[in-house]
Amino acid sequence: MIHKNIYILSDAVGESARLMAQAVLAQFQHGLKPQIKRYPFIQETEDLLPILEDAKKEEALLAATFVNQTLDHCARNFAQDQGLAYVNFMQEMIDQVSQTTQLAPSQEIGAQRRVNQDYFNRMAAMEYAIKHDDGKLSQKSLLEADIILLGVSRSGKTPLSMYLANHSWKVANFPLMPEVQLPETLRQAPPKKLFGLIASPRYILNVRTHRLKDLGLTGEAPYSQLDRIKHELQHARSIYQELGVQEISIEYKSIEESGSEIEHLLELL
């Protein structure tokens, strides 16, 4: 069994280099026993040189994810002079992408963490949309929400909420019914957050009828009667006018089209 030290060098966390090194070393697990030493957040050559000297004494392998070219050149030149193996996982790929696309890299340290933060923001928005679906509102919800969707049943509130949440918007939605009093919290919400979904009675009727068929039910319930739907839509429009809500027609539109319309309106505010 060969014992070998692996030095992980990075101007960021160094997690990517560690994972890559572990994946490579797994190919040699029957003959190699490595010890991985990680050195994150290296910012200056003065910080790097003592680490390289230690690596020289141990004849270690050097694996890096330096974005900073000065640090990369320093480590690369040192390794060449001292006969050490050196690979910069990040720089090799950056060079290939740059050569292929003719684009210059930003050399932004920690850019991946920013991308990951975008992912976490999106997941937080998805969780928010699930928790605040179908009328689950509170005063705190209104303070946190980016968007509040209003609409009658089967006007597409939930799928539209999830679409917008996937774009990192925190979305709550509330169903409108003539028999249910509008909560005071909604009356206190900033109008710019409120969007009222609307469609023709025939369109809503068609959606509800298909929904009932999917559930194995008949279409004779008031829920799917045209007069009832007209009453609900009139009530919804009166609420929209009262609150100063921006109306969004969802009739024969995809979720993407309606979502893009709302995002465009938000950009204009």
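Q: Contact means heavy atoms within 4.5 Å; which residues does Val-152 touch, not counting residues up to four places away in sequence?
A: This is a predicted model, in which local features need pLDDT of at least 70 and side-chain atom pairs count only at pLDDT 80 or more, while totals for chains, interfaces and linings use all residues. Residues are numbered from 1 along each chain as its sequence is written, and side-chain values use heavy atoms, with hydrogens and water left out. With that exclusion, Val-152 touches Lys-157, Leu-176, Ile-204, Arg-208, Glu-232, Leu-233 and Ala-236.

Q: Where does Val-152 sit in the chain?
A: Helices (H or I, at least four residues) and strands (E, at least two) are DSSP runs numbered from the N terminus. Val-152 lies in the loop between strand E5 (147-151) and helix H7 (157-165). Ser-155 is also in the loop between E5 and H7.

Q: Which residues does UniProt list under "binding site"?
A: UniProt annotations may be inferred rather than shown by experiment. The unreviewed entry places this feature at Gly-151, Val-152, Ser-153, Arg-154, Ser-155, Gly-156, Lys-157 and Thr-158.

Q: Is Val-152 buried or exposed?
A: Buried means under 20% relative accessible area, exposed over 50%, partly exposed in between (1.4 Å probe, protein chains only). Val-152 has 1% relative accessibility and therefore counts as buried. Ser-155, at 3%, counts as buried too. Apart from neighbours within four places in sequence, Ser-155 is in contact with Leu-197, Ile-204 and Ile-250.

Q: What is the strand order of the open sheet of four strands?
A: Two strands pair if DSSP finds at least two bridges between them. The order is E6-E5-E7-E8, and the pairing is parallel. Strand E6 (171-175) and strand E8 (246-249) stand at the edges with a single partner strand each, so one side of each has no neighbour in the sheet. Between E5 and strand E7 (residues 194-198), which run parallel, there are three bridges. Within this pair, Ile-148 stands opposite Leu-194 in E7.

Q: Which strands does helix H10 lie across?
A: For the angles, axes are lines fitted to C-alpha atoms, for helices over the stretch in contact, and run from 0 to 180 degrees between N-to-C directions. Helix H10 (residues 226-243) lies across E5, E7 and E8, at about 155 degrees to E7. Helix H11 (residues 255-268) lies across E5, E7 and E8 and runs at about 155 degrees to E8.

Q: How many salt bridges does the structure hold?
A: A salt bridge is a side-chain nitrogen of Lys or Arg within 4 Å of a carboxyl oxygen of Asp or Glu. The structure holds nine. One of them joins the side chains of Asp-72 and Arg-76, at 3.2 Å from N to O. These two are four residues apart in helix H3 (residues 69-82), which means a separation of about one helical turn. Asp-72 is buried at 3% relative accessibility, whereas Arg-76 is partly exposed at 23%. Lys-131 and Glu-127 form another, with the closest N and O atoms 3.1 Å apart.

Q: How far apart in the chain are Arg-187 and Glu-242?
A: Arg-187 forms a salt bridge with Glu-242, and the closest N and O atoms are 2.0 Å apart. The pair links distant parts of the chain, with Arg-187 in helix H8 (residues 184-187) and Glu-242 in helix H10, 55 residues apart. Arg-187 is partly exposed at 33% relative accessible area, and Glu-242 is partly exposed at 48%.

Q: Which residues are linked in a network of salt bridges?
A: The network links Glu-179, Arg-208, Arg-228 and Glu-232. Arg-208 and Glu-232 are also among the residues that Val-152 touches.

Technical notes:
Contact means heavy atoms within 4.5 Å.
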